[in-house]
Amino acid sequence: MQTSTAYNTNKIKDKWCQFICLAVVCLFIGISSAMSGTAMAGLLIVLSSIVFIATGLLKKRESGLVIILGIALITRVALAVTNSFIFSLPDNETDAVVFEGLGWDIANAWNHGTVPPDTPGAYLYSKFIALVYLFTGRSPFIIQYFNVFFGFISVYFVYKLIIEIGGSKRSATIGCFIAAIFPTLNLYSAVILRENLITVMSLISVYFFIRWLNTGFLSRIILAVFFLGGAASVHGAVILVGVIYLIYFCFYKPKVNEWRPINKEALIAIALTVIVFVFFRARLLNKLPSDITLVFSPDYLTSRLVPLAVGRAAYLVGYYPTSIMDIIIQTPVRILHFILMPFPWKITAASDIIGCIDAVMYGVFIFFSFKGLRKAEGRDRLLFIALICIILLEVFTFAWGTSNFGTAIRHRQKFVCLLIATASIGMSGYEKKQKS
């Protein structure tokens, strides 16, 4: 009886805490709406979201997870403040300036009823910026804070993904902590680039895909495809992950844990895929050729690589395929350079040291991911292999789309959360199953 009374008392306290926090959030947002475009508006929006996030964290009963998520939020906010008000961080120029400026131009066009600038491919991100500016006025710090929020959510979903693939609570905590402090995940949470938006939508998509493999519920695979489509609309190359989804959906039946080569679901899935690509091909394939078979064309690959292999950070200059056999031979070479550049002997600037540390960490993650694969058994092995297949497909895609290690560092971030999840299993193992 006393336990029940204490539970009800705690529940009432939680409700009052949520009500007060919601009132504070509404107050902050109301005040900020009267200060559109000012630094104070950005500050109030940040404070309101922190109150909202803190409310959610206080409801969690896992103190370790709460502390790590708190670290993730604080480090990202600190970097965003540093970038806005103290000094510019790396990658806060060129592309970041273009994205933000285009976003403001689009917002102005919408406000004045004129034709907005075109936003092909990657520049769809500028429309997101414009949408925010419609409500807040021009405040780059607010856009940076959205990236902070996306980065924070990514850390949380790393934890959930590790649990979903059968990892122990210790593995999930380790993976969550690594994601919270990982340098590039923090950096791209503090600059106005699309990387964090792609990362969080891709990660959530993969999480729901693994959930579908675990439960067989159709709603999970629909959500996986929805979030993947969102990520692909910002960076078209990500859509290739859908190949893995399609293979599993067509031939694997999660509810009975069986592979079936012939079934009606395969025909339905293929038909729906064709329909989607007919209507949304231009948006989803913004980084891929209209004729998808060209990705296996040596001439097409060379034409894409030559303009990218420029500048101090270029690698494999002049090393281009002339035949299908060349593509096969050069693939491992390009993957090694993509993952591990800059090599120590390529360091010529202080910023390269950070890139080298980043590359070393990827090497460590790959080592522990192999250890995790060895530990996997039964259904856990199926889930782990599905995740590895997604990572390998992304690595292959970006390795052939990059010839500059500055760009490689940005592209590696798009799948590092998945790699952290598999590596964490190798570091600490799976949740022990009770024997029946």
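Is D358 buried or exposed?

Modeller: This is a predicted model. D358 counts as buried, because its relative accessibility is 3% and the cut-off for buried is under 20%. D358 sits in helix 15 (residues 350–375). Its salt-bridge partner is R412, with the closest N and O atoms 2.7 Å apart.

Side chains of opposite charge can pair when their charged atoms come close. The count here comes to six salt bridges. Another of them joins D95 to R410, at 3.1 Å between the closest N and O atoms. D95 is in helix 4 (residues 95–112) and R410 in helix 17 (residues 405–428), so the pair ties together parts 315 residues apart in sequence. R410 is buried at 14% relative accessibility. D95 is partly exposed, at 30%. Shared partners join D95, E195, R410 and K414 into one network of salt bridges.

Helix 4 also carries E100. The side chain of E100 meets that of R138 in a salt bridge, 2.8 Å from N to O. R138 is in the loop between helix 5 (124–136) and helix 6 (140–164), 38 residues from E100. E100 counts as buried at 8% relative accessibility, whereas R138 is partly exposed at 35%.

Notes. Residues are numbered from 1 along each chain as its sequence is written. This is a predicted model: local features need pLDDT of at least 70, side-chain atom pairs count only at pLDDT 80 or more; totals for chains, interfaces and linings use all residues. Side-chain values use heavy atoms; hydrogens and water are left out. A salt bridge is a side-chain nitrogen of Lys or Arg within 4 Å of a carboxyl oxygen of Asp or Glu. Helices (H or I, at least four residues) and strands (E, at least two) are DSSP runs, numbered from the N terminus. Buried means under 20% relative accessible area, exposed over 50%, partly exposed in between (1.4 Å probe, protein chains only).
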